[in-house]
Structures are given as C-alpha cells and as structure tokens.
Amino acid sequence: MNEILPGVFHWTARYSKIGFDVSSYFVAESGTVLDPMVPPDVGLDWFGGEHATQTIALTNRHHDREAGAYCAAFGVNPVLVPESGLHEFEHKALDVHGYAPGEEIIPGIVAHEVGAICPDDMALEIRSAGALAMADGLVHFERVRFVQDQLMDDPAQTKRDLVQSLERLLDVDFDTLLFAHGDPIVGGGKQALRNFLASNPAS
C-alpha cells in the first residue's frame, strides 16, 4: 500500500481470472476504491477509520474484480459502473448503479469517455489530486502502450479510435496517470500521454 499522492493510495494484487497483477486505488477525500482488489499486505482491515470505504467505482465493466468483498465487509452499495456496461451485471450478485460520461460520479471525481476498446471504457478524473485513472485504453509496463492486439476485435481500427479519444483527454487538467494495468505515472503523466500520442498518430 503506497501513498503516491496526498490522499491517493495505490496497490497491486494478483487477479486469478487473468493470472496477472492489477492495480487498484483508494481516494481518501471521498473514501472511494477504484477497480477494487483486496490489498494482499494489509487486507480489508486497512479500510477503517480515516480510510473508511464509502464508494466503489469501476473504470469499465470488467473491473469489478473483488468488489463483492468490499460490499460484504463495509455495506458499500451500489457499485458505480459505466452505464453502457450495466448489462454485464444482470446475472451477478452485485448491486450496481450506472454513471454517464461527463458526470461527476462522486464529489470531486468526473467521468470522461474513452470507448473504442469497449463502449464502457472510461477515464476518471480525480480533481483534487490532478490525476486521471485509466481503464483498459492504455497500460503501463515499463512504457505506456496499448493492450495486446489479441484483446481487440479490430486492432488497427481500435487503435485509431483510441488515439482520437486519448487526444481529447489532453484537455483534462491532470499531471498524474493511474493505470488499472501497470504502475501509475506520478507527475509528468500528461506529458507521457502526449509522447505516446506523438508516437501513435491517428492516421
């Protein structure tokens, strides 16, 4: 559990469904867990007192991960999910509520649409921290990159559409990038995105 910015915590945990470590975040200001996994070093006991969990938010429909454990432990309901991905939860035992692009889903956290890789792929702007939390549009393992081609229906078109969406994110006020897959870039995140887009034009 690492405090990467004042009031913003990051951790990784192995997600058995995909067999890789994934990233989760806690925003203390609103008591919000993003893309929840249970931190292996401190467990759910950490989420009490000044770290009390009030809300769970997903950056896309695939990132419910271990949300059920938080709901059971803390009575956090509903889980906030992009409204275009609500169909994923029709047969899951998870109480969810949809949010829309442009909506302030929690005080201080605003949703921006990315789409392209899936209709419900979002980026969540944490205004007090100057941070932007990505879903699956980009990953960060040593370098910022797209996900592997085999995870896209039409890789060439998806990448073109992603570049157009990511270019719009440059209008958002942030300097830190948080990734659901990979390590955050604390400071210089917008420049890292600019550099990535310069190397991957939309043409």
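What follows is a short tour, one selection at a time.

**Before you click**

This is a predicted model, where local features need pLDDT of at least 70 and side-chain atom pairs count only at pLDDT 80 or more, while totals for chains, interfaces and linings use all residues. Residues are numbered from 1 along each chain as its sequence is written, and side-chain values use heavy atoms, with hydrogens and water left out. Helices (H or I, at least four residues) and strands (E, at least two) are DSSP runs, numbered from the N terminus.

**Stop 1: strand S10**

Select residues 122–126, which make up strand S10. Five of the five residues are buried, so S10 is largely enclosed by the rest of the structure. Buried here means under 20% relative accessible area, exposed is over 50%, and partly exposed is in between (1.4 Å probe, protein chains only). In a regular strand, side chains alternate between the two faces of the sheet. Colour Met122, Leu124 and Ile126 for one side of S10 and Ala123 and Glu125 for the other: both faces are covered.

**Stop 2**

Strands count as paired if DSSP finds at least two bridges between them. Zoom in on Ala111 and you'll find it opposite Leu124.

Next, show strand S11, residues 131–134: four bridges join S10 to S11, again antiparallel. Here Ala123 has Met134 as its bridge partner. Four residues sit between the strands of this hairpin, and Gly130 has a positive phi near 60 degrees.

**Stop 3**

Most residues other than glycine have a negative phi, and most peptide bonds are trans. With that in mind, pick Ala116, in the loop between S9 and S10. Its phi is near 70 degrees, a positive value in a residue other than glycine. At 35% relative accessibility, Ala116 is partly exposed.

Then jump to Asp35, in the loop between strand S4 (32–34) and strand S5 (55–57). Phi of Asp35 is positive too, near 50 degrees. Is Asp35 buried or exposed? It is buried, with a relative accessible area of 3%.

For the peptide bond, select Asn77 and Pro78: the bond joining them is cis, with omega about -5 degrees. Pro78 lies in the loop between helix H1 (67–74) and strand S6.

**Stop 3: Leu80**

Move along to Leu80, in strand S6 (residues 79–82). Leu80 is buried, at 10% relative accessible area. Which residues does Leu80 touch, not counting those up to four places away in sequence? Among them are Ile56, Leu58, His97, Tyr99 and Ile106, with contact meaning heavy atoms within 4.5 Å.

**Stop 4: helices H2 and H3**

Finally, select helix H2 (residues 155–169) and helix H3 (residues 189–199), whose axes come within 10 Å and cross at roughly 150 degrees. Axes are lines fitted to C-alpha atoms, for helices over the stretch in contact, and angles run from 0 to 180 degrees between N-to-C directions. H2 and H3 are therefore roughly antiparallel; angles under 35 degrees count as roughly parallel, over 145 as roughly antiparallel, 65 to 115 as roughly perpendicular and the rest as oblique.

Show side chains for Val163, Leu166, Glu167 and Leu169 in H2, which meet Leu193, Phe196 and Leu197 in H3. By class, that contact has six nonpolar, no polar and one charged residues.

Terms used
Ala, Val, Leu, Ile, Met, Phe, Trp, Tyr, Cys and Pro count as nonpolar, Asp, Glu, Lys and Arg as charged, and the others, Gly among them, as polar.
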